[in-house]
Amino acid sequence: MPQLRKFFLSKPETDGSEAPDESWRISRAGKLFRLLTAFAGGALYAAALPPFNLEPLVFASVFLLYLVAAESHWRFAALAGWVWGLGWSLFAYQFLREIDPAVPYLLAPVISVWPAVWAGLIPFLKRNTLYPLAAELGGFEEREKFLQSSAAFGRWLCFAVGSAALFTLLEWTRSRLFNWNDLAVTQYRNLALIQLAALTGSYGINFLIALAGGALYAACRTGFRGPGLRVLLAAVLTLTLAMLGGLIRLNREKPVKPNWFPAVIQGDISQRRNANTNQAQEALEIYLQLSRDALAGKPKPEILLWPESAVPVPYRSTHSVSFLFRIGLQNLILQSGVPMLIGAIDFEDKLPGSATPPGMTNSALFFNHRGRLRHKYDKIHRVPYGEYIPFRRCLPGFIVRMIDMNRDLVPGADYNPIEVRSDVRAGTAICYEGVFGYLTREFARRGANVLVVLSNDAWYPKSSEPEQHLANATLRAVETGLPMVRCGNNGGSLVVTPYGRITQVLTVDGPEQRPELRRGRGVKTLAVGVEPSPSYTFYVRHGEWFIAVLAAVEAVFLLAAFAGFKKRKQALLDAIRRPGTGS
């Protein structure tokens, strides 16, 4: 640590009459070393995510980003932030190679823009909020002396809080484009810490991790003495209190007696979006037979759940397998008297005589015990480039042809839960939707008392994507305080308790050590405790209030930074105009 601090922070080794030699900062070796440090920091972030799950490394990752960005010119800091983003996203999104080898390398430079923006602002914020004007005008020695003084504690604390708030707000904007693998996801197995999501949503966890990184930088910058050390202790205390609050919440957990018994049907069908007739018919036969197996088991299930797009043809179409699909489903329900909730491709409902043909939807269809379609939920948050092409009309034709999957699914707009029983109302998310807090919160606000996720990770038969998907979705159960039932096509069929515990996994034989990650074919009837009228969590009642608070904090922080910038600019102008300066 002393050598690292000396290299990055330029501890003066002069007699105090002049600033230290910092020529290394503009040398190629110095720049390359700092960029490699940033890239390594991003790689540590990826290592904290599944499949490695080395959770503590995320704190070191954020610290290294601070260390490089805060000690650089803003242009180089932005570049370092972008490189840090590459180190994270290139490794964390390697699973996308299973779609196309080029995808992670095309996505990474775009995703890395967000940390680049944050890092580029850090030098400006540091210079204009951390140093008072007198210390700034006094030169290097005065600035260093002030940073070590007790008077600097408030400024160090404001810098750590303000920069962490900015990081979190930028992550919030990124989630609107591609919500996957933020800082909070690294802690999905840390049950004590993730309980904070019930209060603040997952962004409270993001903020604490970023705050810890900033506090560690403050402590390092001051030699782990004085105000920097106090800021670090304050951050550690905040993290400790958050985890103690989580432990108290976990200790008060009162399991609900199982009163709902859904069967999850996991067919383990390969990715067949462009299935031929034989492939589609095989998928239908597999799911029908597995459903019969579930009905013959004990206890008898109350409802059968099929994953997203279980049978790769639209339910209502003229395709020959679609006809068999409808007949087979009806016969199964009428013979057993057991309702079904299935993931299926369908079409939007339109009035007769409509001028435009109905668009295709990714849907969840609920059939009652008499085989009647009682509710249809259409996927609201579609996967960009997988289920639609953003800005299709604005893109050149050759680009569209390269990325087009020959369909733009129509989004749904109905957040109402599905009443699968008089006292069981399922907020049903389809695959990727299970990672969006705004969506599951809206389900809860509209009366859902259980979350159901119908998923299909067949696009990723070998990579860590299924675990990353599960990690992202686990936080939704904690945010809403509702149990989550996941039904996957090739793994991840299980229950997540309202406290984030993964239980009742559909276990199959497979090479994966952890049962929730094993891919394979099977069925399991789950025993889920569903409260008829659960109490709302603070997050469900008040939504993204924490983001609003951070936005207010950040507005004050930015105003202070711009005020400091104006004072420095005016002081410099006054110095230039002062008589005797040679102006």
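**View 1. Helix 2 and helix 3 are roughly antiparallel to each other (angles over 145 degrees count as such).** This is a predicted model, in which local features need pLDDT of at least 70, side-chain atom pairs count only at pLDDT 80 or more, and totals for chains, interfaces and linings use all residues. Residues are numbered from 1 along each chain as its sequence is written, and side-chain values use heavy atoms, leaving out hydrogens and water. The axes of helix 2 (residues 28-48) and helix 3 (residues 57-69) come within 8 Å and cross at roughly 160 degrees. Helices here are DSSP runs of H or I with at least four residues, numbered from the N terminus.

**View 2. Here are the residues where helix 2 meets helix 3.**

**View 3. Arg174 sits in helix 9 (residues 153-178).** Arg174 is buried, at 1% relative accessible area (buried means under 20%, with a 1.4 Å probe and protein chains only). Leaving aside residues up to four places away in sequence, Arg174 touches Trp88, Tyr93, Ile111, Trp114, Asn179, Trp180, Asn181 and Asp182.

**View 4. Let us close with the confidence of the model, given as pLDDT, the predictor's confidence in each residue from 0 to 100.** The protein has a mean pLDDT of 89, with 90% of its residues at 70 or more. Over residues 10-17 the pLDDT is below 50, and this stretch has 18 contacts in the model beyond near neighbours in sequence.

Definitions and conventions. Axes are lines fitted to C-alpha atoms, for helices over the stretch in contact, and angles run from 0 to 180 degrees between N-to-C directions. Helices (H or I, at least four residues) and strands (E, at least two) are DSSP runs, numbered from the N terminus. Angles under 35 degrees count as roughly parallel, over 145 as roughly antiparallel, 65 to 115 as roughly perpendicular and the rest as oblique. Contact means heavy atoms within 4.5 Å. Buried means under 20% relative accessible area, exposed over 50%, partly exposed in between (1.4 Å probe, protein chains only).
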